[in-house]
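Hi everyone, thanks for coming. I'd like to walk you through one model today, so please have a look at the screen.

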Amino acid sequence: LAETRLCAGDGDMEKWYSLLDDPAYLEQLEKRVELRFPPSMPEQFGADDAVRISIDTKNVPTLLVKVFAIDAFRYHIEKHKAVDASIELDGVVANHEETHDYSDAPMRRVRRPFDLPMLREPGTYVVEFVGNGISSRAVIHKGGLRMVERTAAAGQAVRIHDERGQPLPDATAWLGGREYRADQDGENLLPFSTAPGE
């Protein structure tokens, strides 16, 4: 309780200092550096939604914000997994970069909102925050695709929809290194294999 109140700058500071009554711990707490996303922060946004994210900072006098646009399809083809915060970005030039300077006391934890108007197009983005020797990343998905499948006589028939459930008849399906285009009914037919497997 005392640590939370001290970091929030809430109430009688002397009371919380005396409640902890540990100079070494207080010094360690003051020097601690934090860059954390609140648990309520969304990761998925609609294709047309404005993107606003928040981060809680402590003892970060200068905050560098980098925005990377990721080719999620190429990444998936090469890595066989979805984009996550572990993506390797060393040597990659950010699409957008800005620096913010703050004068808050090192003990204070402050929630800072950021509007990201540069994230206009649907896609996958990584927003990296760097400050006082540590970094935190947020993976932002704008828009999204879903599929509905059924078993047909010649294979699996797949329909692709956007995040609002609207059909996308021009979308293609990618499976086993091959691209499957939709037919006139908006279905992508994935033929049965002669060598079944995952």
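Let me start with a term: two strands count as paired when DSSP finds at least two bridges between them. With that in hand, look at Arg36, which sits opposite Asp56 of strand 3. Please keep in mind throughout that this is a predicted model.

Let's stay with strand 3 for a moment. Strand 1, residues 34-36, runs antiparallel to strand 3, and 3 bridges join the two. Strand 3 also pairs with strand 6, residues 109-115, again in the antiparallel sense, this time over 7 bridges.

As a general point, nonpolar side chains in soluble globular proteins tend to be buried together. Here the largest nonpolar core counts 18 residues, and the ones with the most contacts inside it are Ile53, Leu116, Val127, Phe129 and Ile140. Which strands supply at least two residues of this core each? Strand 3 (52-58), strand 4 (62-70), strand 7 (123-131) and strand 8 (134-142) do. There is also a second, separate core of 9 residues, with Tyr75, Val83, Ile87 and Ala94 among them.

Setting aside residues up to four places away in sequence, Val127 touches Ile53, Val65, Lys66, Val67, Leu116, Ser136, Arg137, Ala138 and Ile140.

Now step along to Glu128, also in strand 7. Buried means under 20% relative accessible area, and Glu128 comes out at 11%, so this residue is buried. What does the side chain of Glu128 make a polar contact with? With the side chain of Arg137, at 3.1 Å. Beyond its neighbours within four places in sequence, Glu128 is in contact with Leu64, Val65, Lys66, Phe68, Ser135, Ser136 and Arg137.

On to the aromatics. The whole structure holds 3 aromatic pairs. In one of them, Phe73 and Trp174 have ring centres 5.4 Å apart and planes at 90 degrees, so we call the pair edge-to-face. Phe73 belongs to helix 4 (residues 72-79) and Trp174 to strand 11 (residues 173-175), so this pair ties together parts that are 101 residues apart in sequence. Phe73 is partly exposed at 42%, and Trp174 is partly exposed at 41%.

Another pair is Phe114 with Phe129: the centres are 5.3 Å apart and the planes meet at 55 degrees, so that pair is tilted. Phe114 is in strand 6 and Phe129 in strand 7, 15 residues apart. Both of these phenylalanines, Phe114 and Phe129, are buried. Together with Phe37, Phe114 and Phe129 make up one aromatic cluster.

Strand 10, residues 155-162, is joined to strand 13 by 4 bridges, and Gln156 stands opposite Leu190 of strand 13.

Next, a couple of backbone details. Most residues other than glycine have a negative phi. Asp21 is not a glycine, yet its phi is positive, about 50 degrees. Where is Asp21? In the loop between helix 2 (13-20) and helix 3 (23-31), and Asp21 is exposed at 63%. At the other end of helix 2, Asp12 caps the N terminus, with a side-chain oxygen 3.1 Å from the backbone nitrogen of Glu14. Asn132 likewise has a positive phi of about 50 degrees without being a glycine. Asn132 sits in the loop between strand 7 and strand 8 and is partly exposed, at 42%.

Last stop: Arg120, in the loop between strand 6 and strand 7. Arg120 is exposed, with 61% relative accessibility. Leaving out residues up to four places away in sequence, Arg120 touches Ala47 and Lys142. A polar atom of the Arg120 side chain also lies 3.5 Å from the backbone oxygen of Pro117.

That's my tour, and I'm happy to take questions.

Key
Residues numbered from 1 in each chain as written. Predicted model: local features only at pLDDT ≥ 70, side-chain atom pairs only at ≥ 80, totals over all residues. Heavy atoms only, no water. Core = buried A, V, L, I, M, F, W, Y, C linked by side-chain atoms within 4.5 Å. Buried < 20%, exposed > 50% of the residue type's maximum accessible area, 1.4 Å probe, protein only. Contact = heavy atoms within 4.5 Å. Polar contact = N/O pair within 3.5 Å; in protein donor to acceptor, adjacent residues only side chain to side chain. Phe/Tyr/Trp six-rings, centres within 6.5 Å; stacked < 30°, edge-to-face > 60°.
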